[in-house]
Amino acid sequence: MNYDLIIRNGFVIFPDEVQKVDLVVKDGVIVKIDKNVMGSSDRVIDAEDKYIFPGMIDSHVHFNEPGREIWEGFLTGSNMMAAGGITTFFDMPLNGIPSTIDRSALLQKANIGQKKSLVDFGLWGGLVPGNVNQLKELADAGVVGFKAFLSETGNREFERVDDMTLLEGMKEIASLGKILALHAESGPITNVLTKWKKEQGCLSTDDYIETRPIVAEVEAVERAITYAKLTGCSLHFVHISSEEAILKIEEAKHDGVDVTVETCPHYLLFTHDDLVRKGPVAKCAPPLRKKPEQEKLIQQLLDGKIDMVTSDHSPCPYGMKDPMTHNLFQAWGGISGGQFTLMAMVEMAKKYEIPLTKIAKWTSLHPATRFGLTTKGKIAVGMDADLAIVSIDDSYTVTEDNFFAKHKQSLYLGHTFPCKIKATLLRGEVVYENGHLNGQERSGQWLRLGGLPSLRESEIASFDVQLKAF
């Protein structure tokens, strides 16, 4: 039998075990998994002593194109993904011009992505005041789901939702069988606390964290869960940073709410002390928490209460973070580091003795399952040959030269990971290998996604009755 590719001698990360086997690829799909596979192949990769993960699925990145490509576009952004072992990403809707809040904007962005992306991608649509009537056309066109903010976005093209928009949007999203992803911080709490600090001229790092307290995250989570119970809307909470919010989400799961939650590697690896030390490059929202709170969050991860880990890669030109120009309150809030999530989780695995099978679930299987990627997310016969070959014996220190993002300034600069991405394969084709991109042909595809099972008509109709009594 003649195959396109055989990967030999690697330790393959399956959902529930690690085995040293060969992987065989034909026409971009895994067609055989066995020990000592016989047959010829156009290409052979010797993965001796390496670990083969399913390609990571990063369901939360900001590439800002069209309109703000100078921040990060599909070209540099997808290069960075490939260098990090990421074979699929989902781009958020808010920072492009236009924002992805109607069908025209979605198709414009998808067309750019298909021309420029090195790896596969999906696109989130947005829920903002005034666009509830556009949600169906976005769903029909294949968005992953919808994203909304409960606090200020920092972007006038994409406003945070008010409570009425949130309720009406959740009703519509439930009827479409889609998911609503939420930035869960209370706008009234964060706005008022910020106003008070500015009036007092209190603009330090400690002041910043005090404007975005854990209670602001928890209040927003509780409010959204209440609305989800009312509307039947599926929820996904992004970049949760606190134990208390995770526990509220876990309680909702036990109550039957269809809800998942992600955190990000910067909350697991860095603390408020890094914001004090590094300044605006470490500014994000929610903010990096203090060490005791970080330890509680990590324990929630270890206890299986967090469904997935995503980068929330949120870059900008350095001038928007330059401490010589902006104080911490004025600087753009977002962490640039989408290349490093898989390595960060391997670091966590080595530090906390986490099985690599769990890392593969957090970074690939769970997002694939949640968002309906039926041919991705695990290594199995019939699945896309999307793979990350990782050495856990080598180390990788982040420098401007080996960080493939458009802007090189990052919280991660100088950080050393106890592992290294050796190669990334998209449908059996090597797109990154040993520090070099193989991107002469941009091979990424737009993954147009269907909906979740829709609610029954009786459930949808009951919403109006419940809303009147709410």
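Two strands are said to pair if DSSP finds at least two bridges between them. With that in mind, and remembering that this is a predicted model, begin by selecting residues 18–26 and 29–34, which are strands β2 and β3 and which pair in the antiparallel sense over 5 bridges. Within this pair, V24 stands opposite K32 of β3. The two strands form a hairpin with 2 residues between them, and D27, in the turn, has a positive phi of about 55 degrees.

Next, move to the open sheet, whose 6 strands follow the order β9-β10-β11-β12-β13-β14 with parallel pairing. Its edge strands are β9 (125–126) and β14 (308–309), each of which pairs on one side only.

Now select residues 179–183, strand β11, and colour them by accessibility: 5 of its 5 residues are buried. If you show the side chains, I179, A181 and H183 point one way from the strand, whereas L180 and L182 point the other way. On to the neighbours of β11: strand β10 (residues 146–149) runs parallel to β11 and is joined to it by 4 bridges, and the bridge partner of F146 in β11 is L180.

From β12, continue to strand β13 (residues 259–263), which pairs with β12 in the parallel sense over 3 bridges; here the bridge partner of F237 is V261.

Which residues have the most contacts inside the largest nonpolar core? That core has 107 residues, and those with the most contacts inside it are F53, L180, L182, L235, F237, I359 and F417. In soluble globular proteins, nonpolar side chains tend to be buried together. As a last stop, centre the view on L235 and display its surroundings: leaving aside residues up to four places away in sequence, L235 touches, among others, M170, I179, L180, L182, A224, I225 and A228, as well as D258, V259, T260 and R370.

Key
Residues numbered from 1 in each chain as written. Predicted model: local features only at pLDDT ≥ 70, side-chain atom pairs only at ≥ 80, totals over all residues. Heavy atoms only, no water. Buried < 20%, exposed > 50% of the residue type's maximum accessible area, 1.4 Å probe, protein only. Core = buried A, V, L, I, M, F, W, Y, C linked by side-chain atoms within 4.5 Å. Contact = heavy atoms within 4.5 Å.
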